[in-house]
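Please read it with the sequence and the coordinates open.

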Amino acid sequence: MHPKQKIPALGLLFCLLALGATGAQAQSEVRAERVAAGLQNPWAVAFLPEGRFLVTEKAGRMRVVGADGQVGAPLAGMPAIAAGGQGGLLDVVTDSGFAGNRTVYFCFSEPEVGGSANSTAVARAQLSADGARLEGTKVIFSQRPKVASSAHFGCRIVEARDGTLFVTLGDRFSRKEDAQKLDNHLGKVVRIQKDGMVPRDNPFVSRAGALPEIWSYGHRNGQGATLAPDGRFWMHEHGPQGGDEINVPQAGRNHGWPVITYGENYGGGKIGDGLTAKEGMEQPLHYWVPSIAPSGMAFLTSDRYGAAWKGNLFVGSLKFGYLDRIELKDGKVVAEHKLLEEGRARIRDVRQGPDGWLYVLTDEADGKLLRLRPR
């Protein structure tokens, strides 16, 4: 999606239509229940004990939202953040052992000290017992190099089953050619330990001239990532004008950007040689033309919505303002269903909560946290 694309704001509630289990024309209704409002351009939601939520706002604030929907004051203890354009405070996830260690990980646009450049960084911290501040905040990863740009930061964080962290990193828009080079973090997925150290089995650990954090490369701007039910890492990424992609990055694989793409330059015209495939470069599992500008990504593993939805993939659309329910069979997309009326709010994030319900964040000045329930 182009950085300047916008669509109208969302009302308080939505009517959503979903196809039944067999793909027949019969439809079943679900409703979006407002959990909280008054969030300024929220970017990510994570889940806390006792039905509470942790929400980031792009301008640089992190807040606890109570189970009753009350939005708390901004947490103290945040690092300096370069908020502007597509940059700011981005993803947040809680550690798998949060109940015992109260650890959270978040990514943000990190400003250059004494300069105008910035890059995506990942920090870890502990949420204080009273939920008022972050303690022991420490940057554990910083994308290299820093670039004077307000676009294409990524960033989603996913904890793998082995306890490592996958992080999606944008190509910074003006540096797309660097996505094919292994001496930088632009247009990459990186894999790190929870302390920021490099796992010994990363694919480029022993390659001279390659940064050892890199897991996969040739990406553009990944703003959605999740673990599939089988434990594999999935992501999606913005194409240029057309060519948004779903990918399943594997160790050391090249996903082709900007050499291959199903999109074109803004305003028209081929990118590079106009290739959609090349030997040694991965094809996307799925792509969208025109672009839907995807953000947020979650697999549904609960039975809350019936058997037809279990195992489906859910992706938000910033451009068209709907939630995409994606049916998969044998690892391939077989059907898509729009769950929100088009022309509503930009859908920034979607997650499955510990209660099995789906939660959605809308990207607007009066952003909403919504819970999806069967009607």
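The points below start with the whole chain and then turn to single residues.

1. The model is predicted. The C-alpha trace spans about 55 × 50 × 35 Å along the principal axes.

2. Burial and contacts. Of the 375 residues in the chain, 55% are buried. Taking contacts between residues at least 6 apart in sequence, 57% join residues at least 24 apart.

3. Surface and charge. The chain has an accessible surface of about 14,900 Å², and carbon and sulfur atoms account for 49% of that surface. There are 45 positive and 40 negative side chains, and the centres of these two sets lie 2 Å apart.

4. The disulfide. Which cysteines form the disulfide? They are Cys 107 and Cys 155, with their sulfur atoms 2.5 Å apart. The structure holds one disulfide. Cys 107 belongs to strand β7 (residues 103-111) and Cys 155 to strand β10 (residues 154-159), so the pair ties together parts that are 48 residues apart in sequence. The angle about the S-S bond is -120°, and the link is left-handed. Both Cys 107 and Cys 155 are buried.

5. Leu 369. This residue sits in strand β24 (residues 367-374). With a relative accessible area of 0%, Leu 369 is buried, because the cut-off for that class is under 20%. Leaving aside residues up to four places away in sequence, the residues that Leu 369 touches include Glu 33, Arg 34, Val 35, Ala 36, Leu 39, Val 45 and Phe 53. Also among them are Tyr 359, Val 360 and Leu 361.

6. Leu 339. The loop between β21 (332-338) and β22 (346-352) contains Leu 339. Leu 339 and Arg 325 are 14 residues apart in sequence, and their C-alpha atoms are 6.8 Å apart in space.

7. Cis peptide bonds. Most peptide bonds are trans. The bond joining Arg 144 and Pro 145 is cis, with omega about -5°. Pro 145 lies in the loop between β9 (134-142) and β10, the latter being the strand that holds Cys 155. The bond from Val 289 to Pro 290 is also cis, with omega near 5°. Pro 290 is in the loop between β17 (286-288) and β18 (294-299).

8. Positive phi. Most residues other than glycine have a negative phi. Glu 50 is not a glycine, yet its phi is positive, at about 60°. Glu 50 lies in the loop between β3 (42-47) and β4 (53-57) and is exposed, with a relative accessible area of 71%. Ala 293, likewise not a glycine, has a positive phi of about 55°. Ala 293 is found in the loop between β17 and β18, the loop that also holds Pro 290. At 1% relative accessibility, Ala 293 counts as buried, whereas Glu 50 is exposed.

Notes:
Residues are numbered from 1 along each chain as its sequence is written. This is a predicted model: local features need pLDDT of at least 70, side-chain atom pairs count only at pLDDT 80 or more; totals for chains, interfaces and linings use all residues. Side-chain values use heavy atoms; hydrogens and water are left out. Buried means under 20% relative accessible area, exposed over 50%, partly exposed in between (1.4 Å probe, protein chains only). Contact means heavy atoms within 4.5 Å. Accessible areas come from the Shrake-Rupley method with a 1.4 Å probe; for residues, only the protein chains shown count as cover. Lys and Arg count as positive and Asp and Glu as negative; His and the chain ends are not counted. The place of a charge is taken as NZ of Lys, CZ of Arg, CG of Asp or CD of Glu. A disulfide is a pair of cysteine sulfur atoms within 2.5 Å. Helices (H or I, at least four residues) and strands (E, at least two) are DSSP runs, numbered from the N terminus.
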